[in-house]
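Thank you all for coming; I would like to take a few minutes to walk through one model. Please have the viewer open, and let us look at it together.

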2 protein chains.
Amino acid sequence: MAGLVSFDGLRLEDGMPIYLQIIRFLERGIAAGAVRDGDELPSRRVLSARLGVNPNTIQKAFRVLEEDGLVTSRAGAKSEISLAPERAEAIRRRLLEEEAAALARALKQMGLDRDQAAALVRQLWDRQEESP
Amino acid sequence: MAGLVSFDGLRLEDGMPIYLQIIRFLERGIAAGAVRDGDELPSRRVLSARLGVNPNTIQKAFRVLEEDGLVTSRAGAKSEISLAPERAEAIRRRLLEEEAAALARALKQMGLDRDQAAALVRQLWDRQEESP
DNA sequence: GCAACTGTATTATACCTATAATACAGATAG
DNA sequence: CTATCTGTATTATAGGTATAATACAGTTGC
């Protein structure tokens with residue numbers, strides 16, 4: 001039943017620290033229900049190679065996740081997702097709130113109203129699929 | 001006719017460099033039409049005090065803006081916005097695209113569809129007004 | 001058991017961001 | 001004219017981020 005977290009689709013951008021982007025990506029997977037309690041994580045080294053990022057940077061992300069209780073690690077074995085259902089739901093609510101609120105503030109400052117904002121999101125929804 | 005850029009409503013968050021947040025804030029004002037060609041900018045020192053940010057950080061933002069052609073500065077006098085109409089429209093299009101696309105990617109990864117995303121934006125639109 | 005994986009730790013370097021304290025020259029208002 | 005604003009430049013320090021090169025110990029699979 002326990003799957004494996006793939007990190008497929010993670011595209012690193014600049015302007016935000018890499019280790020934070022990794023954490024955010026994982027949390028979004030949790031919010032979607034795609035990442036569940038007991039799921040295995042790829043090893044630091046493997047993920048480092050796959051993302052083209054230094055192992056220490058991966059380790060930093062994982063260390064923060066562990067301090068946060070989302071990941072458990074025993075030295076020598078693979079790390080796992082540790083996630084109570086209430087926690088998952090809390091993360092989902094927080095992320096939805098954060099993302100939408102950030103957009104709302106931005107678009108408000110740009111002079112859009114509620115309907116224009118919703119229409120814009122609708123319009124641009126299908127307009128970016130391609131990946132490198 | 002030429003107004004004064006106030007920078008009111010700028011709330012600094014963490015996770016992104018301060019000087020980039022300042023630039024982004026100004027660009028959004030441009031996109032909204034609230035910041036126009038010829039508008040005066042507050043002095044580095046004044047803005048520094050008002051935002052509680054080091055003068056050098058303000059200077060960095062202004063230097064980037066000047067290298068980008070959005071601001072002109074003559075040593076001794078106040079700096080001004082330098083903005084052709086086409087440039088303003090280009091900035092508006094770019095920002096709208098960036099903001100909405102970022103939200104779309106986030107919400108897609110969280111499992112929402114287009115209608116749910118638009119509904120969420122609509123729903124949370126009025127739910128954050130308060131300022132410090 | 002042993003090889004090959006795993007997590008973990010250490011040290012070093014480089015760059016970026018932000019702060020701090022000055023200093024100097026040009027513009028402006030009184 | 002002069003005081004006070006303005007932009008600009010310099011030097012120093014501190015912290016965070018990312019990279020690099022190792023090293024060591026625990027686990028897992030054959």
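What rotation, and what shift along its axis, superposes chain A on chain B? The answer is a rotation of 180° with 0.0 Å of shift, at an RMSD of 0.0 Å, where the superposition is by least squares on the C-alpha atoms of residues with pLDDT of at least 70 in both copies. The two copies are thus related as by a two-fold rotation axis, and the residue of chain A that comes closest to that axis is Ala118(A), with its C-alpha at 2.3 Å.

Before going further, a word on conventions. This is a predicted model, in which local features need pLDDT of at least 70 and side-chain atom pairs count only at pLDDT 80 or more, while totals for chains, interfaces and linings use all residues. Residues are numbered from 1 along each chain as its sequence is written, chains are lettered from A and ligands numbered from 1 in the order in which they are written, and side-chain values use heavy atoms, with hydrogens and water left out.

Let me turn to the protein interface. Counting contact as heavy atoms within 4.5 Å, chain A contributes 40 residues and chain B contributes 40 residues. Of the interface residues of chain A, 100% are also interface residues in chain B, so the copies meet through the same surface. Together the chains bury about 4000 Å², 64% of it on carbon and sulfur atoms; buried area here is the accessible area, taken with a 1.4 Å probe, that two parts lose on being put together, summed over both. Gln109(A), Met110(A) and Trp125(A) supply 21% of the area that chain A buries against chain B, which is more than any other three residues.

On the side of chain A that touches chain B, helix H1 (18-32), helix H4 (85-109) and helix H5 (114-124) each supply at least two residues, helices being DSSP runs of H or I with at least four residues, numbered from the N terminus. The largest share of that side, 14 residues, comes from H4(A).

Of the atoms of DNA strand C within 4 Å of the protein, 62% belong to sugar or phosphate and the rest to bases.

What, then, surrounds DNA strand D? There are 26 residues, the closest being Ile18(A), Asn56(A), Lys60(A), Ala77(A) and Arg44(B). A polar side-chain atom of Asn56(A) lies 2.6 Å from a base nitrogen of DNA strand D, whereas the side chain of Thr57(A) places an N or O atom 2.9 Å from a phosphate oxygen of DNA strand D.

Terms used: Near = heavy atom within 4 Å. Polar contact = N/O pair within 3.5 Å; in protein donor to acceptor, adjacent residues only side chain to side chain.
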